[in-house]
Amino acid sequence: MTKDIFGKALLDYQNGNYSEDLITSTNISDEDALPLPYLFRGYPDMPKLEQRALQLSKGHILDVGCGSGSHSLWLQEKGLKVKAIDNSKGAIEVAKKRGVLNAELKPLLEETETFDTILLLMNGTGIFQELSQVSKYLMHLKSLLKPEGQILIDSSDISYMYEDEDGGMWLDLNQGYPGELDYFLTYKDEKESPMKWLYLDFETLKTACLTVGLQCEKVIDGEHFDYLAQLRL
């Protein structure tokens with residue numbers, strides 16, 4: 001069971017009790033602060049990948065892992081119909097408080113409606129957890145698409161994190177796919193249960209899409225080994 005530390009942090013910020021940031025780390029990286037204001041950012045402060053994804057969004061939209069609802073709010077303001085879902089009870093509370101009209105506490109695999117656009121942003125492949133689950137998630141996403149629909153998803157190729165100072169790789173090939181990470185979250189000295197979190201390089205995502213009958217095109221490269229992809233039937 002998760003303690004919903006993420007949700008608690010968002011609620012603190014929303015309710016004016018901001019005193020410290022979330023601390024994240026992984027099995028291959030040290031602790032790093034995730035500033036709470038960043039999770040409430042408006043469109044001008046979003047990375048260009050997210051801005052582009054929002055610009056491309058159309059029709060009835062599903063915002064997966066909506067967090068505090070920043071993406072949904074921007075889309076709503078543009079007059080679009082949005083459903084926002086998240087696994088975090090606190091995040092959904094915050095999204096509703098901020099004005100997201102349709103926000104629901106729900107895992108992606110339990111969603112059954114169909115959509116014109118499905119958004120998975122801020123390393124959208126993370127919720128696939130590990131390489132062995134990618135096909136299952138892609139098949140489910142495919143089932144939620146209307147005939148002319150699209151999935152907009154971002155991720156990063158993190159193989160650079162395994163390079164040593166001479167540019168060589170210290171990858172242990174027995175460890176499996178390098179994008180499979182254990183993700184740790186701490187807030188106000190409270191630790192969340194570790195999560196599995198997946199970063200997918202574009203070619204691996206494209207191959208996985210082909211095996212489940214989805215077309216996959218890269219829309220744009222980001223500033224730091226990241227990219228935005230568009231998936232279609």
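Two strands count as paired if DSSP finds at least two bridges between them. The views below show a predicted model.

**View 1. Strands β3 and β4 pair in the parallel sense.** β3 covers residues 60-64, and β4 covers residues 81-86. Their pairing runs over 5 bridges. Valine 64 stands opposite isoleucine 85 in β4. Strands of a sheet pair through backbone hydrogen bonds, either parallel or antiparallel.

**View 2. An open sheet holds 7 strands.** The order is β5-β4-β3-β6-β7-β12-β11. The pairing in this sheet is mixed. β5 and β11 are the edge strands, and each pairs on one side only. The edge strand β11 takes in residues 215-221. On average, neighbouring strands of the sheet are turned by 20° against each other, with direction ignored.

**View 3. A hairpin joins β1 to β2.** β1 is formed by residues 22-26, and β2 by residues 29-34. The two strands pair in the antiparallel sense, over 4 bridges. Threonine 26 stands opposite serine 29 in β2.

**View 4. Helices α4 and α5 lie across strands.** Helix α4 (residues 89-98) lies across β4 and β5. The angle of α4 to β5 is about 165°. Helix α5 (residues 134-143) lies across β6, β7 and β12. There, β7 spans 145-156 and β12 spans 226-232. α5 runs at about 145° to β7.

**View 5. Helix α1 meets helix α4.** α1 is made of residues 5-14. The axes of α1 and α4 come within 7 Å. They cross at roughly 30°. Angles under 35 degrees count as roughly parallel, so α1 and α4 are roughly parallel to each other. From α1, the contact uses Phe6, Gly7, Leu10, Leu11 and Gln14. From α4 come Gly90, Ala91, Glu93, Val94, Lys97 and Arg98. By class, the contact of α1 with α4 has 5 nonpolar, 3 polar and 3 charged residues.

**View 6. Helices α2 and α3 pack at an angle of about 40°.** α2 holds residues 48-56, and α3 holds residues 70-77. Their axes are 10 Å apart. The angle makes α2 oblique to α3. The crossing of α2 past α3 is right-handed. Glu50, Leu54 and Gln55 in α2 meet His71, Trp74 and Leu75 in α3. The residues of this contact divide into 3 nonpolar, 2 polar and 1 charged.

**View 7. Glutamate 111 forms a salt bridge with lysine 83.** The closest N and O atoms of the pair are 2.9 Å apart. This pair links distant parts of the chain, 28 residues apart. Glutamate 111 sits in the loop between β5 (103-105) and β6 (115-120). Lysine 83 belongs to strand β4. The model has a count of 10 salt bridges.

Terms used: Residues numbered from 1 in each chain as written. Predicted model: local features only at pLDDT ≥ 70, side-chain atom pairs only at ≥ 80, totals over all residues. Heavy atoms only, no water. Axes fitted to C-alpha atoms, helices over the stretch in contact; angles between N-to-C directions. Parallel < 35°, antiparallel > 145°, perpendicular 65-115°, else oblique. Left-handed = near helix turned anticlockwise from the far one by under 90°. Contact = heavy atoms within 4.5 Å. Nonpolar A, V, L, I, M, F, W, Y, C, P; charged D, E, K, R; others polar. Salt bridge = Lys/Arg side-chain N within 4 Å of Asp/Glu carboxyl O.
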